[in-house]
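This report covers salt bridges, strand pairing and surface patches, with the cut-offs behind each term.

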Amino acid sequence: TQDSVGKALGQLLAGTKFHRLVQSRGQQGIGACMKSDTLVPLADGRILTIKEIVDQNLVGDEALSLDLNSLKLVSGKISKCWKVKNPLFVSLRTQKGRKILLTPENPVLVMNNGKLEWIRADETQIGTKIGVPNKLFAFESNSKRTIELFDENSIQVDEPELMNEIKEKLAKKYDTISKTASHFEIKKDRLRNWFTRKLKNNNPRGRPTLKALKKMAKEAGINENELLERITRIGRNGTYSIIPKFIDKETAWIAGLIAGDGHLSSQKDNKWGVNISLASGNEKIADRFREIIEQKFGLKTQKYFNEKKHYYTIQCSSKILSEIFEYFGITRGKKFDCFTLSNNLFTQTPEIIGGYLKGLFDAEGSASIEKRTISLTLYNKLALEQIFYALLRLGIHANINKQGNENRITITGKDNIYLF
(Lines give C-alpha, C1' and ligand atoms only; values in the text may rest on other atoms or scores of the structure.)
Protein backbone atom coordinates (compact mmCIF):
# COMPACT_ATOMS: atom_id res chain seq x y z
CA THR A 1 0.00 0.00 0.00
CA GLN A 2 1.01 3.64 -0.29
CA ASP A 3 1.33 3.84 3.50
CA SER A 4 3.63 0.82 3.86
CA VAL A 5 5.78 1.87 0.88
CA GLY A 6 6.17 5.32 2.42
CA LYS A 7 7.28 3.89 5.77
CA ALA A 8 9.71 1.46 4.13
CA LEU A 9 11.24 4.32 2.13
CA GLY A 10 11.46 6.37 5.31
CA GLN A 11 13.44 3.60 7.03
CA LEU A 12 15.87 3.41 4.10
CA LEU A 13 16.42 7.17 4.16
CA ALA A 14 16.68 7.47 7.97
CA GLY A 15 19.68 9.58 8.99
CA THR A 16 20.34 10.84 5.47
CA LYS A 17 20.43 14.48 4.42
CA PHE A 18 16.97 14.04 2.85
CA HIS A 19 15.63 12.69 6.16
CA ARG A 20 16.95 15.72 8.08
CA LEU A 21 15.38 18.02 5.48
CA VAL A 22 12.01 16.31 5.86
CA GLN A 23 12.25 16.66 9.66
CA SER A 24 12.85 20.41 9.33
CA ARG A 25 10.50 21.13 6.45
CA GLY A 26 8.12 18.15 6.45
CA GLN A 27 6.64 16.27 3.55
CA GLN A 28 4.16 19.12 3.20
CA GLY A 29 7.06 21.56 2.86
CA ILE A 30 6.05 23.37 6.06
CA GLY A 31 8.01 21.59 8.78
CA ALA A 32 6.86 20.12 12.06
CA CYS A 33 4.25 22.48 13.45
CA MET A 34 1.03 22.77 15.45
CA LYS A 35 -2.31 24.51 15.08
CA SER A 36 -2.28 28.28 15.65
CA ASP A 37 -4.48 28.15 18.79
CA THR A 38 -2.10 25.75 20.58
CA LEU A 39 -1.09 27.24 23.96
CA VAL A 40 2.65 27.57 24.64
CA PRO A 41 4.07 28.19 28.17
CA LEU A 42 6.86 30.79 28.13
CA ALA A 43 9.70 30.89 30.63
CA ASP A 44 8.37 34.03 32.35
CA GLY A 45 5.04 32.30 33.06
CA ARG A 46 2.98 33.73 30.20
CA ILE A 47 0.76 31.36 28.24
CA LEU A 48 0.46 32.42 24.58
CA THR A 49 -1.04 30.82 21.50
CA ILE A 50 1.29 30.01 18.62
CA LYS A 51 -0.58 32.64 16.61
CA GLU A 52 0.30 35.31 19.18
CA ILE A 53 3.95 34.23 19.17
CA VAL A 54 4.11 34.37 15.35
CA ASP A 55 2.13 37.61 15.00
CA GLN A 56 4.33 39.34 17.61
CA ASN A 57 7.48 37.71 16.15
CA LEU A 58 8.74 36.72 19.60
CA VAL A 59 12.04 35.33 18.29
CA GLY A 60 14.51 35.57 21.17
CA ASP A 61 11.88 35.20 23.89
CA GLU A 62 12.25 32.09 26.01
CA ALA A 63 9.78 29.22 26.18
CA LEU A 64 9.69 26.09 28.32
CA SER A 65 11.45 23.22 26.58
CA LEU A 66 12.58 19.71 27.44
CA ASP A 67 16.17 18.88 28.37
CA LEU A 68 16.61 15.47 26.74
CA ASN A 69 19.38 14.47 29.17
CA SER A 70 17.65 15.29 32.47
CA LEU A 71 14.07 15.10 31.10
CA LYS A 72 13.33 18.30 33.02
CA LEU A 73 11.74 21.50 31.78
CA VAL A 74 14.25 24.23 31.05
CA SER A 75 14.21 27.66 29.44
CA GLY A 76 15.01 27.78 25.73
CA LYS A 77 15.07 30.67 23.25
CA ILE A 78 12.61 30.77 20.36
CA SER A 79 14.86 30.69 17.28
CA LYS A 80 12.24 30.86 14.54
CA CYS A 81 8.49 31.16 14.07
CA TRP A 82 6.42 31.26 10.91
CA LYS A 83 2.90 30.95 9.54
CA VAL A 84 1.53 28.46 7.02
CA LYS A 85 -1.88 27.94 5.45
CA ASN A 86 -4.15 24.92 5.76
CA PRO A 87 -1.68 22.14 6.62
CA LEU A 88 -2.87 18.59 7.29
CA PHE A 89 -3.13 17.92 11.02
CA VAL A 90 -3.16 14.81 13.19
CA SER A 91 -5.30 15.09 16.33
CA LEU A 92 -4.00 13.59 19.60
CA ARG A 93 -6.25 13.42 22.66
CA THR A 94 -5.20 12.11 26.08
CA GLN A 95 -7.34 10.30 28.62
CA LYS A 96 -7.40 13.50 30.69
CA GLY A 97 -9.03 15.40 27.83
CA ARG A 98 -5.98 17.32 26.63
CA LYS A 99 -6.00 17.73 22.85
CA ILE A 100 -3.37 18.90 20.41
CA LEU A 101 -3.22 19.13 16.61
CA LEU A 102 0.13 18.38 14.96
CA THR A 103 1.42 17.96 11.42
CA PRO A 104 1.95 14.26 10.64
CA GLU A 105 5.77 14.46 10.76
CA ASN A 106 5.87 16.35 14.08
CA PRO A 107 7.94 14.24 16.53
CA VAL A 108 6.18 13.04 19.69
CA LEU A 109 8.00 11.73 22.78
CA VAL A 110 6.55 8.35 23.78
CA MET A 111 7.27 5.51 26.19
CA ASN A 112 7.77 2.27 24.27
CA ASN A 113 8.59 -0.95 26.16
CA GLY A 114 10.00 1.04 29.06
CA LYS A 115 12.17 3.23 26.83
CA LEU A 116 11.71 6.81 25.66
CA GLU A 117 11.74 7.41 21.92
CA TRP A 118 10.51 9.91 19.35
CA ILE A 119 7.95 8.89 16.76
CA ARG A 120 5.96 10.79 14.16
CA ALA A 121 2.58 12.12 15.22
CA ASP A 122 0.84 9.99 12.59
CA GLU A 123 2.48 6.85 14.05
CA THR A 124 0.75 7.19 17.41
CA GLN A 125 -2.10 4.82 18.23
CA ILE A 126 -4.79 4.45 20.86
CA GLY A 127 -2.92 3.43 24.00
CA THR A 128 0.37 5.11 23.06
CA LYS A 129 1.90 6.73 26.15
CA ILE A 130 3.07 10.24 25.27
CA GLY A 131 5.19 12.56 27.40
CA VAL A 132 3.47 15.47 29.19
CA PRO A 133 4.83 17.83 31.89
CA ASN A 134 4.23 16.89 35.51
CA LYS A 135 4.39 20.54 36.60
CA LEU A 136 4.95 23.89 34.90
CA PHE A 137 7.42 26.50 36.12
CA ALA A 138 8.03 30.17 35.59
CA PHE A 139 11.70 31.07 35.72
CA GLU A 140 11.00 34.78 36.19
CA SER A 141 7.85 34.89 38.37
CA ASN A 142 7.53 37.90 40.64
CA SER A 143 5.33 39.53 43.23
CA LYS A 144 4.52 42.91 41.72
CA ARG A 145 4.26 46.18 43.65
CA THR A 146 0.67 47.38 43.54
CA ILE A 147 1.70 50.95 42.65
CA GLU A 148 3.44 49.63 39.50
CA LEU A 149 0.09 48.56 38.06
CA PHE A 150 -0.91 52.17 37.44
CA ASP A 151 0.03 54.79 34.85
CA GLU A 152 2.51 57.12 36.55
CA ASN A 153 1.36 59.99 34.32
CA SER A 154 -2.18 60.00 35.71
CA ILE A 155 -2.19 58.28 39.11
CA GLN A 156 -1.91 60.70 42.05
CA VAL A 157 -0.18 60.01 45.35
CA ASP A 158 -1.74 61.05 48.67
CA GLU A 159 1.14 61.04 51.18
CA PRO A 160 1.22 64.36 53.15
CA GLU A 161 4.12 63.37 55.43
CA LEU A 162 6.24 62.30 52.47
CA MET A 163 5.43 65.57 50.67
CA ASN A 164 6.44 67.61 53.73
CA GLU A 165 9.77 65.80 53.87
CA ILE A 166 10.39 66.42 50.16
CA LYS A 167 9.33 70.08 50.55
CA GLU A 168 11.83 70.67 53.37
CA LYS A 169 14.70 69.06 51.46
CA LEU A 170 13.94 70.95 48.25
CA ALA A 171 13.62 74.25 50.18
CA LYS A 172 17.24 73.86 51.32
CA LYS A 173 18.28 73.24 47.75
CA TYR A 174 16.19 75.81 45.83
CA ASP A 175 15.25 78.27 48.62
CA THR A 176 11.77 79.29 47.38
CA ILE A 177 8.60 77.71 45.93
CA SER A 178 9.09 79.81 42.77
CA LYS A 179 12.59 78.50 42.12
CA THR A 180 11.50 74.93 42.87
CA ALA A 181 8.55 75.21 40.49
CA SER A 182 10.78 76.68 37.80
CA HIS A 183 13.30 73.86 38.12
CA PHE A 184 10.66 71.14 37.75
CA GLU A 185 8.68 73.09 35.13
CA ILE A 186 5.55 72.99 37.29
CA LYS A 187 3.15 75.87 37.73
CA LYS A 188 3.86 77.68 41.01
CA ASP A 189 0.23 77.57 42.15
CA ARG A 190 0.04 73.86 41.54
CA LEU A 191 3.21 73.19 43.53
CA ARG A 192 1.92 75.42 46.32
CA ASN A 193 -1.29 73.37 46.39
CA TRP A 194 0.76 70.22 46.81
CA PHE A 195 3.02 71.67 49.50
CA THR A 196 1.19 74.29 51.56
CA ARG A 197 -2.43 75.06 50.70
CA LYS A 198 -5.06 73.15 52.65
CA LEU A 199 -8.77 72.44 52.37
CA LYS A 200 -11.12 72.91 55.34
CA ASN A 201 -10.57 69.26 56.31
CA ASN A 202 -6.81 69.98 56.40
CA ASN A 203 -6.14 67.85 53.31
CA PRO A 204 -3.90 69.27 50.56
CA ARG A 205 -5.65 71.07 47.70
CA GLY A 206 -3.97 68.79 45.21
CA ARG A 207 -1.71 65.76 44.93
CA PRO A 208 1.19 65.14 42.55
CA THR A 209 1.23 62.45 39.92
CA LEU A 210 3.58 59.56 40.56
CA LYS A 211 5.81 60.77 37.71
CA ALA A 212 6.16 64.26 39.22
CA LEU A 213 6.72 62.80 42.67
CA LYS A 214 9.54 60.58 41.39
CA LYS A 215 11.36 63.60 39.94
CA MET A 216 11.05 65.64 43.15
CA ALA A 217 12.00 62.68 45.37
CA LYS A 218 15.13 62.05 43.32
CA GLU A 219 16.22 65.68 43.74
CA ALA A 220 15.47 65.38 47.47
CA GLY A 221 17.78 62.37 47.78
CA ILE A 222 15.09 59.70 48.09
CA ASN A 223 15.72 56.73 45.80
CA GLU A 224 12.87 55.21 43.80
CA ASN A 225 12.72 51.94 45.73
CA GLU A 226 12.34 53.79 49.05
CA LEU A 227 9.75 56.09 47.50
CA LEU A 228 7.57 53.24 46.19
CA GLU A 229 7.88 51.48 49.55
CA ARG A 230 6.33 54.49 51.31
CA ILE A 231 3.33 54.96 49.03
CA THR A 232 0.15 53.59 50.62
CA ARG A 233 -2.63 55.86 49.23
CA ILE A 234 -3.31 56.69 45.60
CA GLY A 235 -6.21 57.96 43.52
CA ARG A 236 -7.55 60.48 41.03
CA ASN A 237 -9.73 63.57 41.07
CA GLY A 238 -10.00 63.85 44.84
CA THR A 239 -10.87 60.19 45.53
CA TYR A 240 -8.15 58.08 47.13
CA SER A 241 -7.76 54.49 48.29
CA ILE A 242 -5.34 52.56 50.45
CA ILE A 243 -3.33 49.99 48.51
CA PRO A 244 -1.23 47.04 49.72
CA LYS A 245 2.47 47.33 48.97
CA PHE A 246 2.42 44.18 46.86
CA ILE A 247 -0.18 42.13 45.04
CA ASP A 248 -0.79 39.42 47.63
CA LYS A 249 -2.78 36.21 48.05
CA GLU A 250 -5.82 37.97 49.55
CA THR A 251 -6.00 40.48 46.69
CA ALA A 252 -5.73 37.61 44.21
CA TRP A 253 -8.52 35.74 46.07
CA ILE A 254 -11.02 38.60 45.85
CA ALA A 255 -10.06 39.05 42.18
CA GLY A 256 -10.91 35.38 41.62
CA LEU A 257 -14.27 35.88 43.35
CA ILE A 258 -15.07 38.85 41.09
CA ALA A 259 -14.01 36.84 38.03
CA GLY A 260 -16.52 34.16 39.01
CA ASP A 261 -19.48 35.82 40.73
CA GLY A 262 -18.71 39.53 40.50
CA HIS A 263 -19.35 42.48 38.23
CA LEU A 264 -17.53 45.70 37.31
CA SER A 265 -19.72 48.46 35.85
CA SER A 266 -19.15 49.16 32.14
CA GLN A 267 -16.75 51.72 30.66
CA LYS A 268 -19.59 54.10 29.83
CA ASP A 269 -20.18 54.60 33.57
CA ASN A 270 -16.66 55.98 34.19
CA LYS A 271 -18.04 59.43 35.02
CA TRP A 272 -19.49 58.10 38.27
CA GLY A 273 -16.62 55.81 39.19
CA VAL A 274 -16.68 52.03 38.95
CA ASN A 275 -19.29 50.05 40.82
CA ILE A 276 -17.96 46.71 42.07
CA SER A 277 -20.36 44.02 43.25
CA LEU A 278 -20.12 40.41 44.40
CA ALA A 279 -23.12 38.08 44.63
CA SER A 280 -22.65 34.96 46.77
CA GLY A 281 -24.92 32.43 48.40
CA ASN A 282 -22.24 31.86 51.05
CA GLU A 283 -22.43 34.54 53.75
CA LYS A 284 -19.02 33.59 55.14
CA ILE A 285 -17.38 34.25 51.76
CA ALA A 286 -19.37 37.48 51.28
CA ASP A 287 -18.35 38.77 54.73
CA ARG A 288 -14.68 37.91 54.20
CA PHE A 289 -14.71 39.67 50.83
CA ARG A 290 -16.24 42.72 52.50
CA GLU A 291 -13.69 42.64 55.32
CA ILE A 292 -10.72 42.61 52.89
CA ILE A 293 -12.20 45.46 50.82
CA GLU A 294 -12.68 47.63 53.92
CA GLN A 295 -9.44 46.83 55.74
CA LYS A 296 -6.95 46.44 52.88
CA PHE A 297 -8.31 49.22 50.64
CA GLY A 298 -10.14 51.48 53.13
CA LEU A 299 -13.36 51.47 51.10
CA LYS A 300 -16.93 51.78 52.27
CA THR A 301 -19.17 48.84 51.38
CA GLN A 302 -22.86 47.93 51.50
CA LYS A 303 -24.30 44.48 52.14
CA TYR A 304 -27.70 43.34 50.87
CA PHE A 305 -29.61 40.06 51.13
CA ASN A 306 -31.99 38.81 48.45
CA GLU A 307 -34.54 36.72 50.35
CA LYS A 308 -36.21 35.41 47.21
CA LYS A 309 -33.03 34.05 45.61
CA HIS A 310 -31.20 33.66 48.92
CA TYR A 311 -27.87 35.28 48.09
CA TYR A 312 -25.81 38.15 49.52
CA THR A 313 -24.52 41.14 47.56
CA ILE A 314 -21.51 43.23 48.58
CA GLN A 315 -21.07 46.55 46.76
CA CYS A 316 -18.46 49.29 46.72
CA SER A 317 -17.20 51.94 44.32
CA SER A 318 -13.54 52.32 43.36
CA LYS A 319 -11.71 52.97 40.11
CA ILE A 320 -8.44 51.97 41.79
CA LEU A 321 -9.69 48.54 42.89
CA SER A 322 -11.32 48.05 39.48
CA GLU A 323 -7.96 48.61 37.76
CA ILE A 324 -6.38 45.98 40.01
CA PHE A 325 -9.09 43.52 39.01
CA GLU A 326 -8.63 44.47 35.34
CA TYR A 327 -4.91 43.71 35.73
CA PHE A 328 -5.98 40.13 36.46
CA GLY A 329 -7.96 40.08 33.19
CA ILE A 330 -11.45 40.83 34.52
CA THR A 331 -13.37 42.90 31.98
CA ARG A 332 -15.76 45.78 32.65
CA GLY A 333 -19.43 45.16 31.92
CA LYS A 334 -20.59 41.76 30.66
CA LYS A 335 -17.86 39.15 30.91
CA PHE A 336 -19.90 36.05 30.04
CA ASP A 337 -18.36 35.40 26.61
CA CYS A 338 -14.98 37.10 27.00
CA PHE A 339 -13.67 35.84 30.36
CA THR A 340 -10.04 34.69 30.20
CA LEU A 341 -7.08 34.58 32.57
CA SER A 342 -4.60 37.42 32.08
CA ASN A 343 -0.92 36.71 31.47
CA ASN A 344 -0.34 39.18 34.29
CA LEU A 345 -1.61 36.39 36.54
CA PHE A 346 0.62 33.74 34.99
CA THR A 347 3.76 35.82 35.65
CA GLN A 348 2.97 35.88 39.38
CA THR A 349 4.22 33.46 42.04
CA PRO A 350 2.42 30.13 42.65
CA GLU A 351 0.99 31.62 45.86
CA ILE A 352 -0.74 34.44 43.93
CA ILE A 353 -1.97 32.06 41.22
CA GLY A 354 -3.29 29.75 43.94
CA GLY A 355 -5.11 32.65 45.63
CA TYR A 356 -6.84 33.61 42.37
CA LEU A 357 -7.85 30.03 41.61
CA LYS A 358 -9.18 29.62 45.15
CA GLY A 359 -11.43 32.66 44.64
CA LEU A 360 -12.57 31.45 41.21
CA PHE A 361 -13.44 27.96 42.48
CA ASP A 362 -15.07 29.40 45.63
CA ALA A 363 -17.34 31.38 43.31
CA GLU A 364 -17.97 28.98 40.42
CA GLY A 365 -16.69 25.57 41.45
CA SER A 366 -18.34 22.60 43.10
CA ALA A 367 -17.22 19.58 45.10
CA SER A 368 -18.75 16.10 45.20
CA ILE A 369 -18.05 14.01 48.29
CA GLU A 370 -19.71 11.01 46.66
CA LYS A 371 -17.61 11.18 43.46
CA ARG A 372 -14.57 12.65 45.24
CA THR A 373 -14.17 15.36 42.63
CA ILE A 374 -13.76 19.13 42.41
CA SER A 375 -15.06 20.69 39.21
CA LEU A 376 -15.57 23.99 37.43
CA THR A 377 -17.82 24.51 34.39
CA LEU A 378 -17.44 27.31 31.84
CA TYR A 379 -18.64 28.06 28.32
CA ASN A 380 -15.32 29.62 27.34
CA LYS A 381 -12.99 26.83 26.22
CA LEU A 382 -9.87 29.04 26.15
CA ALA A 383 -10.43 30.11 29.77
CA LEU A 384 -10.78 26.47 30.81
CA GLU A 385 -7.51 25.55 29.10
CA GLN A 386 -5.82 28.48 30.83
CA ILE A 387 -7.16 27.26 34.20
CA PHE A 388 -5.73 23.83 33.36
CA TYR A 389 -2.28 25.41 32.87
CA ALA A 390 -2.66 27.53 36.02
CA LEU A 391 -3.41 24.39 38.03
CA LEU A 392 -0.37 22.71 36.47
CA ARG A 393 1.76 25.59 37.83
CA LEU A 394 0.74 24.28 41.26
CA GLY A 395 1.42 20.66 40.32
CA ILE A 396 -2.30 19.83 40.14
CA HIS A 397 -3.37 17.53 37.30
CA ALA A 398 -6.91 18.10 36.04
CA ASN A 399 -9.18 16.57 33.42
CA ILE A 400 -10.99 18.52 30.68
CA ASN A 401 -14.29 17.26 29.29
CA LYS A 402 -17.62 18.49 27.98
CA GLN A 403 -20.96 18.57 29.77
CA GLY A 404 -23.64 19.41 27.20
CA ASN A 405 -22.72 22.74 25.61
CA GLU A 406 -20.38 23.58 28.48
CA ASN A 407 -16.73 22.74 29.08
CA ARG A 408 -15.74 21.34 32.44
CA ILE A 409 -12.47 20.92 34.29
CA THR A 410 -12.38 18.23 36.98
CA ILE A 411 -9.83 17.49 39.68
CA THR A 412 -9.70 13.90 40.86
CA GLY A 413 -7.32 11.69 42.75
CA LYS A 414 -6.16 11.90 46.36
CA ASP A 415 -2.87 13.70 45.63
CA ASN A 416 -4.42 16.32 43.33
CA ILE A 417 -7.30 17.06 45.71
CA TYR A 418 -4.86 17.34 48.63
CA LEU A 419 -2.72 19.84 46.67
CA PHE A 420 -5.84 21.81 45.69
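Lys-35 and Asp-37 form a salt bridge through their side chains, with an N to O distance of 3.9 Å. The term salt bridge stands for a side-chain nitrogen of Lys or Arg within 4 Å of a carboxyl oxygen of Asp or Glu. Lys-35 is partly exposed at 30% relative accessibility, and Asp-37 is partly exposed at 46%. Here buried stands for under 20% relative accessible area, exposed for over 50%, and partly exposed for values in between (1.4 Å probe, protein chains only).

The model is predicted: local features need pLDDT of at least 70 and side-chain atom pairs pLDDT 80 or more, whereas totals for chains, interfaces and linings use all residues. Residues are numbered from 1 along each chain as its sequence is written, and side-chain values use heavy atoms, with hydrogens and water left out.

The salt-bridge count is 28.

| Asp-37 | Lys-35 | 3.9 Å |

Glu-250 lies in helix α9 (residues 249–261) and Lys-296 in helix α10 (residues 283–297), so their pair ties together parts that are 46 residues apart in sequence. Helices are DSSP runs of H or I with at least four residues, strands are runs of E with at least two, and both are numbered from the N terminus. Glu-250 is partly exposed with a relative accessible area of 31%, whereas Lys-296 counts as buried at 19%. Both residues belong to a network of salt bridges that also links Asp-248, Arg-288 and Glu-291. In the Asp-122 pair, Asp-122 is partly exposed at 36% relative accessibility.

Strand pairing is assigned if DSSP finds at least two bridges between two strands. Strand β11 (residues 233–236) pairs with strand β10 (residues 156–157) in the antiparallel sense over two bridges. In this region Gln-156 stands opposite Gly-235 of β11. Strand β11 is also joined to strand β12 (residues 239–242) by four bridges, again antiparallel. Arg-236 has Thr-239 in β12 as its bridge partner. Two residues separate the strands in the hairpin of β11 and β12, where Asn-237 takes a positive phi near 50°.

Surface patches consist of residues with over 30% relative accessible area and no salt bridge; like charges are joined within 9 Å, and nonpolar side chains (Val, Leu, Ile, Met, Phe, Trp, Tyr) within 5 Å. Accessible areas come from the Shrake-Rupley method with a 1.4 Å probe, and for residues only the protein chains shown count as cover.

One nonpolar surface patch contains Leu-66, Leu-68, Leu-71, Met-111, Leu-116 and Trp-118, with about 560 Å² of accessible area together. Met-111 belongs to strand β7 (residues 107–112) and is partly exposed at 41% relative accessibility.

A positive surface patch consists of Arg-93, Lys-99, Lys-381 and Lys-402. Lys and Arg count as positive and Asp and Glu as negative, without His and the chain ends. Each charge is placed at NZ of Lys, CZ of Arg, CG of Asp or CD of Glu. Lys-99 is in strand β6 (residues 99–102).
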